[in-house]
Amino acid sequence: MKRALRLLVHNWPLKLGAVAFATFLYAGLIVSSSAALFEGSVPIETSGLSSSVTILSDLGAVRQIRYFAPEDLGLRVDSSSFRATVDLSSVEPTGGRTSVAVRVVAVDQRIQILDYEPRQITVQLDAVISRTVPIRAVFGPIPTGLDVGEPELSESEATVTGPASIVNRVVEAQARMNLDASGIDINRTVDLLPVDAAGELLTPADLEPANVRVRLAIFTDRQTRSLPVRPVVVGTPAVGFEVASVNVEPLVVSIEGDVDNIAPLEFADTAPVTIT
């Protein structure tokens with residue numbers, strides 16, 4: 001009897017662990033045999049992302065979730081039954097790629113998650129910065145027989161904001177326009193595009209202002225002439241005062257335009273100068 005008892009209690013921690021492990025395996029087998037597989041799409045969301053940091057990579061979605069749920073409760077399991085997140089609070093915004101763990105939880109506590117894929121994803125974070133860049137008007141091919149003047153822009157500079165790796169490559173904001181053969185002057189609002197030194201569009205990046213008004217004179221027979229400046233004085237001076245003299249500086253200005261338009265001109269009048 002004592003010998004049988006000694007055999008029973010000999011290495012009892014090891015034997016107890018073996019029994020517990022076998023029980024665990026049996027329970028896992030039972031659970032896995034009754035587990036269900038959800039193969040829908042659960043978009044991966046972010047947490048811990050500050051406003052001064054932007055994410056450049058696509059987070060993707062969790063597409064395989066193995067779970068266990070009681071069958072007799074009539075649970076409807078779909079994408080809204082789960083929530084997938086990645087915590088980005090400890091990821092440095094250097095523009096490099098970093099692997100982070102994905103966490104999936106069930107919205108309904110009656111659902112027990114056993115496994116899911118992917119368990120990790122690669123993310124790319126970057127700091128958000130702003131810079132000031134010049135604005136330049138860029139035209140398409142000029143139709144035969146036309147000539148263009150210097151463009152006038154409502155703004156000369158724009159502020160570009162976005163990921164540092166993108167913003168640091170922006171050299172200018174371009175207002176791109178196509179010219180047609182009508183020869184009609186351009187006066188319209190044009191959207192701005194952030195570009196690099198090669199003229200390639202850079203995204204993502206925001207511009208402020210997002211557009212500018214462009215005025216562009218188009219000529220069919222461009223010529224220049226010099227005209228004397230004629231001051232236009234209007235109104236009557238106060239009692240006891242009179243106009244002693246009128247001086248103009250400069251005396252002559254240069255104008256340009258189509259020959260038919262500038263040929264009849266004799267003076268370049270000033271805007272009215274009131275002396276009332």
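**Reading the model step by step**

Mentor: Let us begin with confidence. This is a predicted model, and over residues 29–33 the pLDDT stays under 50. For that stretch the model has one contact beyond four places in sequence.

Trainee: What is the mean pLDDT of the chain?

Mentor: The mean is 87, and 87% of the residues reach 70 or more.

Trainee: How many helices and strands does the chain have?

Mentor: The secondary structure comes to four helices and 23 strands. As for contacts with a separation of 6 or more, 72% of them are accounted for by residues 24 or more positions apart.

Trainee: What share of the residues is buried?

Mentor: Buried means under 20% relative accessible area. Of the 276 residues in the chain, 27% are buried. The accessible surface of the chain is about 18200 Å², and carbon and sulfur atoms hold 53% of that area.

Trainee: How is a pair of aromatic rings described?

Mentor: One gives the distance of the centres and the angle of the planes. The structure holds two aromatic pairs. In one of them, Phe 38 and Phe 82 are 5.4 Å apart, centre to centre, with 40 degrees between the planes, and the pair is tilted. Phe 38 lies in strand S1 (residues 36–38) and Phe 82 in strand S6 (residues 82–87), so the pair ties together parts that are 44 residues apart in sequence.

Trainee: Are Phe 38 and Phe 82 buried or exposed?

Mentor: Phe 38 has a relative accessible area of 11% and is therefore buried. Phe 82 is buried as well, at 5%. Ring pairs also bring in Tyr 67, which forms a cluster with Phe 38 and Phe 82.

Trainee: Which residues is Ser 47 in contact with, leaving aside its neighbours within four places in sequence?

Mentor: They are Val 86, Asp 87, Leu 88 and Ser 89. Ser 47 belongs to strand S2 (residues 42–47). The C-alpha atoms of Ser 47 and Val 86 are separated by 6.2 Å, although these residues are 39 residues apart along the chain. With a relative accessibility of 31%, Ser 47 counts as partly exposed.

Trainee: Which residues form a nonpolar patch on the surface?

Mentor: The patch is formed by Val 233, Val 243, Val 246 and Val 273, and together they have about 300 Å² of accessible area. Val 233 is in strand S20 (residues 233–234). Its relative accessible area is 40%, so Val 233 is partly exposed.

Key. Residues numbered from 1 in each chain as written. Predicted model: local features only at pLDDT ≥ 70, side-chain atom pairs only at ≥ 80, totals over all residues. Heavy atoms only, no water. pLDDT = per-residue confidence, 0-100. Contact = heavy atoms within 4.5 Å. Helix = DSSP H or I, 4+ residues; strand = E, 2+ residues; numbered from the N terminus. Buried < 20%, exposed > 50% of the residue type's maximum accessible area, 1.4 Å probe, protein only. Areas by Shrake-Rupley, 256 points an atom, 1.4 Å probe, with all protein chains shown as cover. Patch = residues over 30% accessible without salt bridge, like charges linked within 9 Å, V, L, I, M, F, W, Y side chains within 5 Å. Salt bridge = Lys/Arg side-chain N within 4 Å of Asp/Glu carboxyl O. Phe/Tyr/Trp six-rings, centres within 6.5 Å; stacked < 30°, edge-to-face > 60°.
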